[in-house]
Amino acid sequence: MHKGFFENYKNIFKSEDLRKKIILTLIIFAFFRVLAHIPVPGVDVTNIKNFFASSQLLGLLDLFSGGGMQNFSVITLGLNPYINASIIFQLLTMAVPSLEELSKEGESGRQKINQYTRILTVPLCLVQAYGMYFFLHSQRIVPVLGVLPLFILALTMTAGSILLMWLGELVTEYGIGNGISLLIFAGIISRLPTSMGQTAASTTGGGFSNILLFTILALIVIAGIVFVNEATRNIPIQYARLVKRGASTGSGTTYLPLRINQAGVIPIIFAVSLVLMPSVVGNYLKGVNNPTASSISQFLTYNFNSTGILYNAFYFILVVGFTYFYTAVTFNPEKVADEIKKNGGFIPGIRPGRSTSEYLNTILTRITLPAAVFLGLIAILPQIMQTMTGVSTLSIGGTSVLIVVQVVLETMKKVESQVVMRDYDSFL
């Protein structure tokens, strides 16, 4: 098994087609990193970097731009608007009948939904660009801009985000794997050398043992993510035996795989935007000249910082709740039960129709619990790691690790499938 695994990857560069795809992907990665270091003119990049380093939410958003937001580059918005548009249409597909029907039309329907997503990305870019400017201006990070300079700033950021979206689609079509995911992956990985250098410079005395402990815990976390991401609950489906003109057809048993982690990384992204609201409200109330407001402000800012127990508990609960919510949105037991019934299938011991739907819903609720708890632990992982190891310069961001591992697994599967297909074509 292991021999076949390594043999597949040894054969990657023997295929001219795969070599071209890998080279194209690496060229786009390099261009992406160059864009992340081209700043928008007229701003103090040093102040922005210091400000971003003190905010967890902005740090998470900066992941999707590969440091472009922290550098206030032309790709400051990164892929955030496109990701937001994709999530919006994914939710609308479940709620709007016309979009649901469009999603069932196969490749043509998927292309139309993708086109709608691209169109929605443009106004989201403009709104987020103006929002970014006004937010940084309110914090006195960027100066006041006139109407024309502000319009040019927003237009530049929008163009940069659309360019990134186009580069991601190029990788998807002509490169290896999902382009959007791979660009996010490249942005996260690009931070690793800097973090490791800071850690090496700050390590003295017994710091090496902490880094060793950190490395062991990191490997355990990665193994856990792989296990949960790949784990499924297989539901047996029995199909009735059909007899046509004396011939028996259509019989057999198959399995319906229910993924343990149906929601992926989306619950953490949703939760992090809400968990920071108490501290935002607390900072706002600091300026209010009222004793009650001052007391509330002091309570919120003290308890809802990234190291506080109340903050991490609230974060954990939000992730668990959003995991159940997003799983319920993306997986419809009634629809699956109807499809099974239409195809002449049934779950052994369970009546087709409503009973099957209730059974699937019960199974899904049970298997979602360990996934929700795991995602909650991943979300508060940075604080856990810092507390156990004392290493703050090389903290593992749970969201970033989850994204990296999922992208690597997805890309490996696609590369393996292309290698196997090449070998199959050669055999024929």
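**Helices, a patch and a salt bridge**

Author: The axes of helix 5 (residues 80-95) and helix 15 (residues 309-330) come within 9 Å and cross at roughly 55 degrees. Axes are lines fitted to C-alpha atoms, for helices over the stretch in contact, and angles run from 0 to 180 degrees between N-to-C directions. Helices are DSSP runs (H or I, at least four residues), numbered from the N terminus. This is a predicted model: local features need pLDDT of at least 70, side-chain atom pairs count only at pLDDT 80 or more, and totals for chains, interfaces and linings use all residues. Residues are numbered from 1 along each chain as its sequence is written, and side-chain values use heavy atoms, leaving out hydrogens and water.

Reader: Which residues in helix 5 and helix 15 meet?

Author: Gln90, Leu91 and Met94 from helix 5 meet Tyr326, Val329 and Thr330 from helix 15, where contact means heavy atoms within 4.5 Å.

Reader: New topic: how many salt bridges are there in the whole structure?

Author: A search finds 5. A salt bridge is a side-chain nitrogen of Lys or Arg within 4 Å of a carboxyl oxygen of Asp or Glu.

Reader: Last one: where is leucine 155?

Author: Leucine 155 sits in helix 8, which gives the nonpolar patch its largest share, 4 residues.

Definitions and conventions
Helix = DSSP H or I, 4+ residues; strand = E, 2+ residues; numbered from the N terminus.
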